[in-house]
Amino acid sequence: MAVPAKRDLVSIEDLSTAEILELFRHADTFRDDLRAWSHICCGTIMATLFFEPSTRTRLSFESAMHRLGGGVITAADEKNTSRSKGESLADTVRVVGGSYADILVVRHPEDGAARVAARYARVPVVNGGDGAHEHPTQTLCDLYTLWKEKGRLEGLEIVLCGDLRYSRTIHSFCYALARFGANIVTMPYPGFELPDYVLHRLRREFGVQAATASVGDLPGIAGSSNAAAYLTASKPHQLALFTSLTNFEVNRIDAIYMTRAQRERHAGEETRNYPRLTRSTLGAAAAKDARIMHPLPRVDEIDYDVDDDPRSVYFRQAELGVPMRMALMAFLLGKIQLDAAPPAVFTVTPGAAAGAGFRCRNERCITNNEGVRYLNRDFRIRDAEQPPVLSCAYCEREVEARFVGNPLSRKAFRTSSSGAVEIPRPDRVYFESEDQAQAAGYDCEP
Ligand code: NCD
């Protein structure tokens, strides 16, 4: 009998929408009696490899595994692992994923690290947060909380607030919200806006459009940002709204999602007067039915006297993390089956651009850091777009390819030209610019 391919959860995109909803139903079942499931993963071991600090993510995974009857081994402090001696993540997961453990949960400071772990480990890998890239299990907890609170996920109005640039929880959450057709209002701390690569991806993959919003009646957080953006799925019923929209008044908010300044990723960047949720913010009419969310840890972004407000659900998000992660692990370990179909598999073109000196633009990407020693630079290529878009197979940062070369003739052409079309697809080598093509030894056709 064929062994089913292992499933990893590196990006929230690794689960289909139907699978996510089905996992919620399993999480509900586990949650009905958390202590009744110790037969499910009996004899199974989970390893948590955490190369960055964590409280909730690691402990809720470990608690979930214990509740499923499995065992747990952990490397919770980078200083006590061979990483501090210079061991690569690839080598660590090759060793730990196998006879040591049947599933790995990895947290790492470099963007794209979880995909590296997934590629090198023989067992399923779950991303517990990789740099500023993604944190898909936090998103599962966030969506699960919203689903329980609001009874649906479709078409919600969500305000994202704070450090939207470096918060990996925000990035995974945005991709998921876009799939559910939510409208997203971004209220970043100035200088910490949602990065362009996230906005581009939201536009390309989910048809999400951006506009300027006014959420002037949210004191405290509104004051911190005079350029809130409104991101709306370009569905037919919303298009009319969008096209006439210049100063959209957000008058119904389903959730305000607050984040802390991710200081470990931007040491030295000023965050004075960081937005803060207070009781008066919650007094705003628009926030009447809003849920107040935060992935935690909170620093100063939410006043402690907001905790008792019935709309505050951040501790609930953390609590729901255990049944949610029980469902996820039982699924990845093959202990429960889902009826829902998995997402369509992405085509990865291994090393297509490597020989050409194409490098990921993201300086924080693992391919530009520890991976320099051993990783090929791989890109996913969407060449139906003009110009074609290459996204790093590890951190998913996208670049547009303006030139394409033929490695046989060593000639490069503008991607929009007829010469480009004549190069057989599998041979195409992409470049960001003419200079890059020339540096790789290609003659550029005018
Ligand atoms: C988040 C993280 O690590 O990205 N924490 C968590 O896992 N709940 C959010 C944060 O640290 O701000």
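**Figure 1. Charge and overall build of the protein chain.** The protein chain carries 54 positive and 58 negative side chains, with the centres of the two sets 2 Å apart. Lys and Arg count as positive, Asp and Glu as negative; His and the chain ends are not counted. Each charge is placed at NZ of Lys, CZ of Arg, CG of Asp or CD of Glu. This is a predicted model, in which local features need pLDDT of at least 70, side-chain atom pairs count only at pLDDT 80 or more, and totals for chains, interfaces and linings use all residues. Residues are numbered from 1 along each chain as its sequence is written, and side-chain values use heavy atoms, leaving out hydrogens and water.

**Figure 2. Fold dimensions and surface.** The protein chain has twelve helices and 18 strands (DSSP runs numbered from the N terminus: helices H or I, at least four residues; strands E, at least two). Its C-alpha atoms fill a box of roughly 70 × 60 × 45 Å along the principal axes. Accessible surface comes to about 18500 Å², 50% of it from carbon and sulfur atoms (Shrake-Rupley method, 1.4 Å probe; for residues, only the protein chains shown count as cover). Of the 446 residues, 58% are buried (under 20% relative accessible area; exposed is over 50%, partly exposed in between; 1.4 Å probe, protein chains only).

**Figure 3. Helix H1 and its packing partners.** Helix H1 (residues 17-32) has 16 residues. It reaches 23 Å from first C-alpha to last, close to the expected 22 Å (1.5 Å times one less than the number of residues). Its buried residues are Glu19, Ile20, Glu22, Leu23, Phe24, Ala27 and Phe30. They pack against helices H5 (136-150), H6 (168-179) and H10 (314-332).

**Figure 4. Thr145 in helix H5.** Thr145 sits in helix H5. It counts as buried because its relative accessibility is 0%. Beyond its neighbours within four places in sequence, Thr145 is in contact (heavy atoms within 4.5 Å) with Met293, Val313, Arg316, Gln317 and Leu320.

**Figure 5. Tyr394 in a loop between strands.** Tyr394 lies in the loop between strand S13 (389-392) and strand S14 (398-400). Its relative accessible area is 3%, so Tyr394 is buried. Leaving aside neighbours within four places in sequence, its contacts include Gly112, Arg115, His133, Ile366 and Asp378. Glu52 is 342 residues away along the chain; the C-alpha atoms of Tyr394 and Glu52 are separated by 19 Å.
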